[in-house]
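I set out to record what I looked up in this model.

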Amino acid sequence: MDRAHRIHGVKKVSGLQGPQYICATPDGGFAVSEECGDVKLFTPNLKLAGSLSETYRHEFGNPSGICTDPEGNVLVADVQKRSITLFPPSGSPICIVSQGLFEPAGIACSPFGLLYVGDTVDNCVKVFKYRANPYYTPTSPRRSGEAPS
């Protein structure tokens with residue numbers, strides 16, 4: 001995008017089935033949740049890096065919101081299963097929220113180890129702590145290390 005807010009060099013990633021949510025990954029790539037039950041990971045040069053359902057042999061109901069954290073974990077909200085699952089760069093997936101959600105849609109994680117979940121049925125944002133310690137980023141303008149109350 002230039003100073004006049006004109007977009008240049010648009011590229012397209014095709015072959016997706018009902019893309020819903022997208023988020024950037026720490027390596028410069030991105031992740032996309034598909035309405036048809038998968039989450040696909042792409043490299044910075046827009047090449048398919050893999051699928052969470054194939055890589056982890058995980059069966060999604062209807063993956064909706066997705067986000068990544070600084071450690072490279074991919075967190076996925078599943079509307080049908082009413083849960084949030086964390087997919088680490090290596091190891092097995094971990095269901096980190098399995099109760100208290102009705103229709104989890106959008107999610108975001110903070111550098112303080114908090115997970116924000118937009119629950120559309122409850123018309124609210126639910127906040128969960130999923131890390132014991134916040135991430136340390138020496139260049140962060142907020143270096144207190146404490147999560148906000």
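The entries below begin with the model itself and then take each topic in turn.

**Model.** I note that this is a predicted model, in which local features need pLDDT of at least 70, side-chain atom pairs count only at pLDDT 80 or more, and totals for chains, interfaces and linings use all residues. Residues are numbered from 1 along each chain as its sequence is written, and side-chain values use heavy atoms, with hydrogens and water left out.

I looked up the largest pocket and found about 290 Å³ of space in it. A pocket here is an open set of points on a 1 Å grid over the protein atoms alone, where a 1.4 Å probe fits, with protein on both sides within 12 Å along at least five of seven lines; lining residues have an atom within 4 Å of a point. The volume is the space filled by probe spheres set on the points, which are joined across faces, edges and corners. I find 19 lining residues, of which Thr25, Asp27, Leu41, Gly72 and Val74 lie nearest the centre. β3 (38–42), β4 (48–51) and α1 (52–56) each supply at least two residues of this lining; helices (H or I, at least four residues) and strands (E, at least two) are DSSP runs, numbered from the N terminus.

**Gly72.** I place Gly72 in the loop between β5 (63–68) and β6 (74–78). Its C-alpha atom is separated by 6.8 Å from that of Thr25, 47 residues apart along the chain. Gly72 also touches Pro26, Phe87 and Pro89, not counting residues up to four places away in sequence; contact means heavy atoms within 4.5 Å.

**Sheet.** I looked up an open sheet of three strands in the order β9-β10-β11, with antiparallel pairing; two strands pair if DSSP finds at least two bridges between them. The edge strands are β9 (104–109) and β11, each pairing on one side only. Strand β10 (residues 114–119) and strand β11 (residues 124–129) pair over six bridges, and Val117 stands opposite Lys126 in β11. In the hairpin of β10 and β11, with four residues between the strands, I note that Asn123 takes a positive phi near 55°.
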